[in-house]
Amino acid sequence: MEPFRFPGLPTRVVFGHGTLAKVGDEMERLGRKRAVVLATPPQRGQAEALAALLGDRAAGVIADAVMHTPVAVTDGALAQLRALDADCLVAVGGGSTTGLSKALALRTDLDQIVVPTTYAGSEMTPILGETRDGTKTTQKSPKILPEVVVYDVDLTLGLPVALSATSGMNAIAHAVEALYAEDRNPIVSLMAEEAIRALARALPVIVADPQDRAARSDALYGAWLAGACLGTVGMALHHKLCHVLGGTFDLPHAETHTVVLPHAVAYNAPAVPDAMARVARALGASSAAQGLYDLAARLGAPTALEALGMPEAGLERAADAAVASPYPNPRSLARDGIRRLLDDAYHGRRPD
Ligand code: NAD
């Protein structure tokens, strides 16, 4: 066994069906009396239903969350929050809502209870990405990490099939990069392999029958594990590329992860054969990169950046940005190799 460090997993997790009803108990456990419930505009109804469930313990609803956590939206929500005299935040939604909650917690130090409704995994991480004037910057702080995560499988039954597929692939991406992270450790690697296995098994079932409760449960379990991987060890080339593409060309988050993952894996594969064997084993495939590509295709998810609205002329800029500043990656970052990777992702070619 190689030497390692395992920093631990400080977030309390409640997982099950119907666990939304436990949010009030979790507030009590934290000693909190008045929650502001956060959501995106389309999920306002879910936030209002939760506020009704909380009764006197709800201070109000702020349903302003949008993707990539723009600072202007956070400033507006902060002004509303101050007027509501709340002592904790409850977020119901995907990574965008969790992002708003984290941004508010960073500024107020309020406790957060997050109820995820996608597979993005942000709820398990101390990481916040914020955008200001079109530039996305990421920071890490213990204040950002939610105190409690309540996973309610029932809330994911209505997650649209297309978003289920791409959000699930987004989760798999966290687990894949955890397996070759510079600071990987044996526990996180076990979690990562199990996450890939659970999601790869569940997602095709969900695409065929979005109401399949067992598959939804497996997928959310996999998403939790993958989120815990993302929150515990450092990510590499794949996440860097998606950050650059999402931030520079305003591409949709989960879809971008879905398209790029097989190509980032194909690039890194020669440097990390053991990690690739674990990914392939979890997918039930003979090759990690091809297995990921085939899974996305089988789910009916996008496989080409071109289909996401990426301008072909932007590929050069993306390649420059991906190698502009050094970061840990198992294989050295050669600009021409990254440029070829982006070309394959743009056209949606199946990796060799
Ligand atoms: P999202 O939160 O933007 O959700 C996409 C849309 O689906 C939204 O309109 C949302 O309201 C809706 N939706 C969510 N759950 C639903 C459900 N169950 N039923 C019906 N509609 C539902 O998308 P996402 O992919 O979860 O999150 C993406 C954002 O999260 C990005 O900004 C990304 O940068 C961030 N993120 C951050 C981290 C981190 O650790 N900081 C990790 C992952 C993602």
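This is a predicted model: local features need pLDDT of at least 70, side-chain atom pairs count only at pLDDT 80 or more; totals for chains, interfaces and linings use all residues.
View 1. According to the domain assignment of the protein, domain 1 covers residues 12-156 and domain 2 covers residues 161-347. The contact draws 17 residues from domain 1 and 22 residues from domain 2. On the side of domain 1 that touches domain 2, the elements giving two or more residues are β1 (12-16) and β7 (135-140), and the residues of that side divide into nine nonpolar, six polar and two charged.

**View 2. The open sheet of six strands.** The strands follow one another in the order β1-β8-β5-β4-β2-β3, and their pairing is parallel. Because β1 and β3 stand at the edges and each has a single partner strand, one side of each is left without a neighbour in the sheet. Neighbouring strands of this sheet are turned against each other by 15° on average, with direction ignored.

**View 3. Strand β2 between its two partners.** Strand β2 (residues 35-38) is covered on both faces, with Ala 35 and Val 37 buried on one side and Val 36 and Leu 38 buried on the other. The pairing of β2 with strand β3 (residues 58-62) is parallel and runs over four bridges, and within it Val 37 stands opposite Val 61 of β3.

View 4. Strand β5 (residues 111-116) and strand β8 (residues 148-152) run parallel and are joined by two bridges, with Val 114 standing opposite Val 149 in β8. Helix α1 (residues 23-30) packs on the sheet, where α1 touches β1, β2, β4, β5 and β8, and the direction of this helix makes about 160° with that of β5. Helix α2 likewise packs on the sheet, touching β2, β3 and β4, and the direction of α2 makes about 180° with that of β3.

Technical notes:
Residues are numbered from 1 along each chain as its sequence is written. A residue is buried if 20 or more other C-beta atoms lie within 10 Å of its own, exposed if 12 or fewer, and partly exposed in between; C-beta atoms are placed from the backbone. Two strands pair if DSSP finds at least two bridges between them. Domain bounds come from an automatic or database domain assignment. Two residues are in contact if their C-beta atoms, placed from the backbone, lie within 7 Å. Ala, Val, Leu, Ile, Met, Phe, Trp, Tyr, Cys and Pro count as nonpolar, Asp, Glu, Lys and Arg as charged, and the others, Gly among them, as polar. Axes are lines fitted to C-alpha atoms, for helices over the stretch in contact, and angles run from 0 to 180 degrees between N-to-C directions.
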